[in-house]
Amino acid sequence: MPLLESLTDALRVLPGVGPKSAQRMAYHLLQRDRQGAGRLADTLARALADVRHCARCNTFTEVEVCDRCLSPLRDPALLCVVEMPSDLMVMESTQAYRGLYYVLMGKLSPLDGIGPRELGFERLIERASDGVVQEVILATNFTNEGEATAHYLGEMLRARGLRVSRIARGVPVGGELEHTDLGTVAQAFVERRGW
């Protein structure tokens with residue numbers, strides 16, 4: 001395969017990048033930003049060689065245990081379970097949570113062949129059962145797969161005597177009811193709380 005076709009094909013592995021977008025990117029990198037292309041190639045090669053999973057929370061890091069897990073400012077009694085590192089970053093950007101995390105690196109999806117073993121649930125159970133964790137907060141997405149993942153994990157963790165909670169869902173802050181989907185409004189009613 002010619003190199004230009006190979007580059008275009010390689011760029012298609014990125015999420016949301018189709019054949020036309022990949023071709024535009026390839027042409028741009030080769031014609032207008034060869035220095036940027038070199039920096040991209042070098043950084044990607046270094047990341048592939050040096051980035052690994054944190055031994056405690058399973059997120060991406062360059063060291064055995066990430067800085068967040070080692071921070072004395074975090075509450076080790078709280079463990080928040082998220083699907084992906086991007087979800088962890090969203091939680092962190094709220095500045096509302098000061099506990100520790102566990103990143104699943106996915107969600108249950110039997111149709112795609114992703115089950116508890118592929119997601120390493122046994123590592124999470126071991127981590128949550130360390131005697132320090134008092135509450136596990138399930139913060140998986142509210143998709144069918146995310147809900148199934150939260151339910152499965154909740155049952156496993158409760159069976160081991162751990163306190164388990166689930167992040168709430170409902171009408172977004174600043175949202176207007178007339179512009180909110182009916183499922184979200186209904187769920188907000190179900191999960192209402194005293195004021």
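The side chain of Thr 140 has a polar atom that lies 2.8 Å from the backbone oxygen of Gly 146. This comes from a predicted model. Thr 140 sits in the loop that connects strand S5 with helix H8 (144-159). Is Thr 140 buried or exposed? Its relative accessible area is 1%, and the cut-off for a buried residue is under 20%, so Thr 140 counts as buried. Apart from neighbours within four places in sequence, Thr 140 is in contact with Val 81, Glu 83, Leu 104, Gly 146, Thr 149, Ala 150 and Arg 166.

**The sheet**

Strand S5 belongs to an open sheet of 4 strands, and the pairing is parallel. The order of the strands is S4-S3-S5-S6. Strand S4 (99-103) and strand S6 (163-166) each have a single partner strand, so they stand at the edges and one side of each has no neighbour in the sheet. From one strand to the next, the twist averages 25°. Strand S3 (residues 75-82) runs parallel to strand S5 (residues 135-138), and 4 bridges join them. In this pair, Cys 80 stands opposite Ile 137 in S5.

**Helix H5 on the sheet**

Helix H5 (residues 85-94) packs on the sheet and touches S3 and S4. The direction of H5 makes about 160° with that of S4. Which residues of H5 are buried? They are Pro 85, Asp 87, Leu 88, Met 91 and Glu 92. Viewed down the axis of H5, these buried residues fall within an arc of 155°, so they line one face of the helix. Val 90 and Ser 93, on the other side of H5, are exposed. The buried residues of H5 pack against strand S2 (60-61), helix H4 (67-70), S3 and S4. Just after H5 comes Gln 95, which takes a positive phi of about 55°.

**Tyr 101 in strand S4**

Tyr 101 is located in strand S4. Tyr 101 is buried, and its relative accessible area is 2%. Which residue's side chain makes a polar contact with the side chain of Tyr 101? The partner is Glu 92, at 2.6 Å. Glu 92 is one of the buried residues of H5. Leaving aside neighbours within four places in sequence, the residues in contact with Tyr 101 are Cys 57, Arg 68, Arg 74, Leu 79, Cys 80, Leu 88, Met 91 and Glu 92. Tyr 101 and Arg 68 are 33 residues apart along the chain, and their C-alpha atoms are separated by 8.7 Å.

The table gives values computed from the model for each span.

| Residues | Distance between end C-alpha atoms | Helix | Strand |
|---|---|---|---|
| Residues 54-69 | 9 Å | 19% helix | 12% strand |
| Residues 77-172 | 28 Å | 40% helix | 20% strand |

Definitions and conventions: Residues numbered from 1 in each chain as written. Predicted model: local features only at pLDDT ≥ 70, side-chain atom pairs only at ≥ 80, totals over all residues. Heavy atoms only, no water. Pairing = 2+ DSSP bridges. Helix = DSSP H or I, 4+ residues; strand = E, 2+ residues; numbered from the N terminus. Axes fitted to C-alpha atoms, helices over the stretch in contact; angles between N-to-C directions. Contact = heavy atoms within 4.5 Å. Buried < 20%, exposed > 50% of the residue type's maximum accessible area, 1.4 Å probe, protein only. Arc of directions from axis to C-beta. Polar contact = N/O pair within 3.5 Å; in protein donor to acceptor, adjacent residues only side chain to side chain.
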